[in-house]
Amino acid sequence: MADIKKFIEDEKSMIIAPAGYGKTYTIVEAVKELDDEKKILVLTHTHAGIASLKDKFKLAKVHPSKYSLETITGFSLSFANSYHINKNDLVPENDDYFVSAVKIAAKLLNANPIKKAIQAKYSHLIVDEYQDCTIDQHELILVIACIIKTHILGDPLQGIFNFKEKSVNMESKEQMNSFLQNRQSLSTPWRWLNAERPDLGRALMQIRNLIENSRSINLLEFNEVADIHICNTDYSPGSDFRSLIQSILINNQTDSLLFIHPVSAIPEPRINFIQQFPQVKMVEAIDDKILYKYSRQFDEYNGNDLVASIVNFMREVCKKTIINYWFSTTGKLKNKKDSREKIISGRLNLYVQNIIASKSYDNILILIEKILQLPNNKCYRHEFVYSMKKALKDTVSENPSVLELMKRNRDIIRRTGRHIYGKCIGTTLLTKGLEFDVVVVLNAHQFEDPKNLYVALTRAAKQLIIVSNTPMLSPYKKK
């Protein structure tokens with residue numbers, strides 16, 4: 001256990017610990033220990049992480065008035081939107097949207113009036129999952145660390161958010177400087193002790209040691225503590241893989257079951273999975289560009305272009321073969337010969353003509369609903385549909401643009417967090433910081449990055465199921 005008093009009394013301090021060893025618990029205890037009139041600012045990286053921290057605060061009976069909890073990008077966006085004059089610097093569809101927000105926030109925080117505002121509002125800053133900070137985010141934290149006491153927690157082996165931006169090195173003397181002078185570590189695997197699975201905790205530490213030494217992992221050495229399935233991982237009818245997934249879904253009635261797919265860059269493999277197993281929900285990225293793209297189009301387009309945009313949005317979220325059966329690539333309704341289909345097509349055409357004759361967000365919402373109700377249609381991306389419908393409904397009552405309401409609604413989720421429950425499929429990027437009773441790591445042989453594999457394996461508290469086409473895993477990219 002960490003020395004909480006020392007952790008919060010130092011001007012700058014850090015804790016490094018493996019997954020499941022109590023970093024979140026330490027944050028909660030630190031906030032409880034602080035008895036200041038000012039709030040404690042707590043920053044993390046994921047919306048799922050915010051939800052997890054909120055649950056832990058609530059369980060520990062820490063009143064929300066004691067802390068302010070946000071993602072680093074959410075905090076930066078809020079700051080930039082409040083104080084930065086040129087709002088054109090922040091466009092959600094741009095690739096550098098969040099990067100710009102962080103840089104702008106760091107500049108703003110150098111201004112003396114804003115420094116005083118931070119000091120008046122907050123007494124301490126605590127940053128979780130610090131290994132995922134980009135250099136720009138690290139620079140932002142260093143600026144805040146010059147204003148209020150700052151404490152960071154992380155694990156270098158879980159640093160998986162290294163996209164275009166280079167990540168901070170928590171072991172670097174040059175980068176971490178005085179943080180390293182006040183460093184602590186945690187050594188108790190609380191996640192697995194609390195779940196009464198100390199054997200699983202020990203096995204995951206062994207795997208961690210293998211990864212840290214760039215050694216291959218023989219899954220068969222861990223088959224006494226994890227369910228290891230070596231099979232051809234395809235979806236063909238009657239395949240071992242398909243039967244295995246169906247068996248897992250039937251036998252696990254828990255509302256805490258997560259499938260993790262190794263491919264994060266594109267959603268198609270996960271969409272393919274839920275098409276095969278529709279009882280599983282898809283965990284979506286909060287800021288997927290699809291939502292902003294179509295929100296902007298719904299604001300700007302009219303007539304046939306607007307209808308085509310609505311149909312294309314439905315192709316993104318529903319069964320494409322059904323959408324293509326009724327609509328052409330340009331969004332026009334196809335002619336039908338069957339009498340029942342003619343009736344359906346005729347009704348759809350009325351809603352289409354309503355939009356062409358008189359654009360309204362209410363009419364857009366109605367057409368979306370009618371397309372969802374097409375025979376044999378299935379919606380695979382419920383969260384996107386819900387978000388778009390909510391923005392359209394809010395637009396009808398509040399009368400701003402769909403894009404502005406979509407941005408506002410996503411900002412709310414970014415600040416408040418998102419609970420993930422039930423039978424879900426996600427990626428390490430979307431579920432890091434969370435734990436589930438049962439975790440199924442799909443296609444484990446496809447992980448090329450050892451950090452992503454480690455994060456995937458350590459999400460499981462009670463039962464870990466690993467599916468691979470080989471017992472030997474070597475998740476190291478070939479140079």
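Biologist: How many aromatic pairs are there by your rule?
Modeller: The count comes to eleven aromatic pairs. Rings of Phe, Tyr and Trp (its six-membered ring) pair if their centres lie within 6.5 Å; planes under 30 degrees apart are stacked, over 60 edge-to-face, the rest tilted. This is a predicted model, where local features need pLDDT of at least 70 and side-chain atom pairs count only at pLDDT 80 or more, while totals for chains, interfaces and linings use all residues. Residues are numbered from 1 along each chain as its sequence is written, and side-chain values use heavy atoms, with hydrogens and water left out.

Biologist: What kind of pair do tyrosine 235 and phenylalanine 273 form?
Modeller: Their pair is edge-to-face, 6.4 Å centre to centre, with 75° between the planes.

Biologist: Where do these two lie, tyrosine 235 and phenylalanine 273?
Modeller: Tyrosine 235 is in the loop between strand S8 (227-230) and helix H12 (240-251), and phenylalanine 273 is in helix H13 (residues 268-276), so the pair ties together parts 38 residues apart in sequence. Helices (H or I, at least four residues) and strands (E, at least two) are DSSP runs, numbered from the N terminus.

Biologist: Is phenylalanine 273 buried or exposed?
Modeller: Phenylalanine 273 is buried, at 0% relative accessibility. Buried means under 20% relative accessible area, exposed over 50%, partly exposed in between (1.4 Å probe, protein chains only).

Biologist: Which residues do ring pairs link into a cluster?
Modeller: Tyr235, Phe241, Phe259, Phe273 and Phe277.

Biologist: What about lysine 336, where does its charged end sit?
Modeller: Over the ring of tryptophan 326, 5.3 Å from its centre. The rule asks for NZ of Lys or CZ of Arg within 6 Å of the ring centre and within 35 degrees of the ring normal. Tryptophan 326 is buried, at 2% relative accessibility. The charged end of arginine 191 likewise sits over the ring of tryptophan 192, 5.6 Å from its centre.

Biologist: New topic. In what order do the six strands of the open sheet run?
Modeller: The order is S3-S2-S4-S5-S1-S6, and the pairing is parallel. Two strands pair if DSSP finds at least two bridges between them.

Biologist: Which strands stand at the edges?
Modeller: Strand S3 (67-71) and strand S6 (183-185) do; each has a single partner strand, so one side of each is left without a neighbour in the sheet.

Biologist: How many bridges join S1 and S5?
Modeller: Strand S1 (residues 12-16) and strand S5 (residues 149-154) pair in the parallel sense over five bridges. Isoleucine 16 stands opposite glycine 154 in S5.
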